[in-house]
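Please look over the structure below.

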Amino acid sequence: MHQVSNIVVVLLALGAVWLWRRVAQDRFWRENTLALWRRRRLAVLTVGVYVAIALLDSIAWIDPASEANALTSGKPRTIIDRIFQPETFREASYSAPLARVSFYGGQPLAHPGKHLLGTDLLGRDVVYRTLKGVRVALLIGGLTSLVVIPIALLFGVSAGYWGGRIDDGVFFAMTVLASVPSLLLLIALIMVLGKGTVQVCVALGVTGWVHFCRIARGETLKLREADFVAAARALGVSDGAIIRRHILPNLAHLVIITFALTFTALVLSETILSYLGIGLDGSWGQMIDQARNELSRTPIVWWNLAGASVALFALVLAVNLIADALRDIVDPRTHREEL
Amino acid sequence: MSAAALLAVEGLSISFPGAAAGERMRVVDRVSLSIAPGETLALVGESGCGKSMSALAVMRLVPKPGRIEAGSRIAFEGRDLLSLPVPEMRALRGARIGMIFQEPMTSLNPVVTAGEQVREAIELHAPLSRGDARKRVLELFAQVGIPDPATRFDAYPHQLSGGLKQRVMIAMAMAMRPRLLIADEPTTALDATIRAQILELLRNLSASTGTAVLLITHDFGVVNEVADRVAVMYAGGIVETGTRHELLSRPRHPYTQGLLRSIPRPEARGGRLAEIAGAVPRPGHWPPGCRFHPRCPHAFQPCPVEEPQPTGVSETQAASCHLVAREVGS
């Protein structure tokens, strides 16, 4: 399993290089990327830090037998794991942030004053758990968007472009999906598919494409009648090429904005799934769910909830701010300069 | 109709579904016209008379649910366009027949640079390398009078003025040196000074490349500047054809006469503008007989019942009017 995630990291790095070169080549994308950077420097940096943490948490390898001890032998450990050494960097149970004694009982800690955000019920470091949640959150958002956007584009654009029976079919599917309570459908799907990262992402994707599909269909309906599409037909361009060169590029800004917005919605909805006990292992949702049990105690155990919530809030806020800026920037029609 | 015609349209009818189920309503009814190689034919008429539909029919781009009726014939370079397989028709569009549209503001894809769009048009029909295609685009830009072609190549449509956009559209339509250029109201959306420049460009291009032009317009000023021959359309049919000089100086059909009288003239300033009484009948509500008779000041007996046939007035001029037929006959 850890080989797959290593390969994905390599592919992502290659993709980033390719994207960087494309952006540097094309004036339109270069200027817009710069504009985004100027407008939302902090948000972009925040997302960058999250991505970096997720990548560090995705590169894993198994220690050779000679170096491994009983706790780590045979297990792939990521760079984050290696930094925190969670096997030994832990306590017996709760401890407050930077405390020297345990929360209940007052026994001296194994690592006094070292747990920046304290430890949880099982004595795990909260900073470590929060950082581990980053990868899960980005996986949910990213992987699910990879399911949602192609499905929505395929159905939305073909329904809008060809209309008729295809449109009827797609619209029927959308109406049916929209009329089933999505949470129930999600639970049912996860029961069928089983628990696991990919399964949960597919389930979220299958239930989540309707909204963007509707947008893509509406926009295609409008673009289909656009004069430049008529002009392309008059030049002898085929339907496939019209969709590829004239419809899809005009949907690009919607895709980017939808990606950003779906991303945050998905990260948030995972919290609800965790609350229902079908979330992903190690997610912020699970941390918040566990913290829920501690809120009624006095003195209150707040750091568990705080770690997950602040991390979640910062990511969602940063992505939303970027999405908002992108909406203004990406659409070339909002630019007003004459050559 | 001469055998050497580049484009010969005969009995073209286009219909749309009517209000009742199964009913078809004609918007173009048995239109015939022909264009010789290198000639500029202006198709004149009011909005909704079917002139744009006729032009789209030549490209076989009549929007659904519209339909070209059986019995129509469109021959281009001797080939029957209506029976051509779709891929061949597509190969013809853009390569042998170019088209430019009324709205330059919206006829270019807003997210693709101007040069890239023209290059696509070239690469669609000619096996050129990207570099060669780019060179050809720059040539074309220079040819259609776009200053500083290299900068404009990388400009997005919103960075260009209306006149420049229309020049880009013309470059795109002329990219493959088509034999026929269909220009659907190419200057309507432009202001007066730009209009004159664009018309001059069209005239020069047509003269230098030998491209025939089917110019659709409602503006006799445009007709006067570029047309060799003129066809006047009313309510889906052609009522009069002739050379520019004949039609502008000796119009025979009462509708053409009415149109010409209703052009504002500087010397008639302050006076009341002449008009044609009544309104254009809607498609599907065309009166029987001559479709113009309810508005015609000269209508007499056969007009409301019998449809007039084209009557030759000279070698080149013909009008579909009972009055003209009687005058010529007597």
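The report covers chain A overall, then selected backbone features of chain B.

## Basis of the model

This is a predicted model: local features need pLDDT of at least 70, side-chain atom pairs count only at pLDDT 80 or more, and totals for chains, interfaces and linings use all residues. Residues are numbered from 1 along each chain as its sequence is written, while chains are lettered from A and ligands numbered from 1 in the order in which they are written.

## Chain A

Chain A holds 13 helices and two strands. Helices (H or I, at least four residues) and strands (E, at least two) are DSSP runs, numbered from the N terminus. Along the principal axes, its C-alpha atoms fill a box of roughly 80 × 45 × 40 Å.

Chain A has 339 residues, and 37% count as buried. Buried means 20 or more other C-beta atoms within 10 Å of the residue's own; exposed means 12 or fewer; partly exposed lies in between, with C-beta atoms placed from the backbone.

## Confidence in chain A

Mean pLDDT (the predictor's confidence in each residue, from 0 to 100) is 86 for chain A, and 96% of its residues reach 70 or more. Among the elements of chain A, helix 3 (residues 41-56) has the highest mean, 93. Helix 2 (residues 27-39) of chain A has the lowest, 83.

## Backbone of chain B

The peptide bond from Lys64(B) to Pro65(B) is cis, with omega near 0°. Pro65(B) sits in the loop between helix 1 (51-59) and strand 4 (67-68) of chain B.

Arg30(B), in strand 2 (residues 24-35) of chain B, has a positive phi near 45°. Glu77(B) also has a positive phi, about 50°, although it is not a glycine. Glu77(B) lies in the loop between strand 5 (73-76) and strand 6 (79-80) of chain B.
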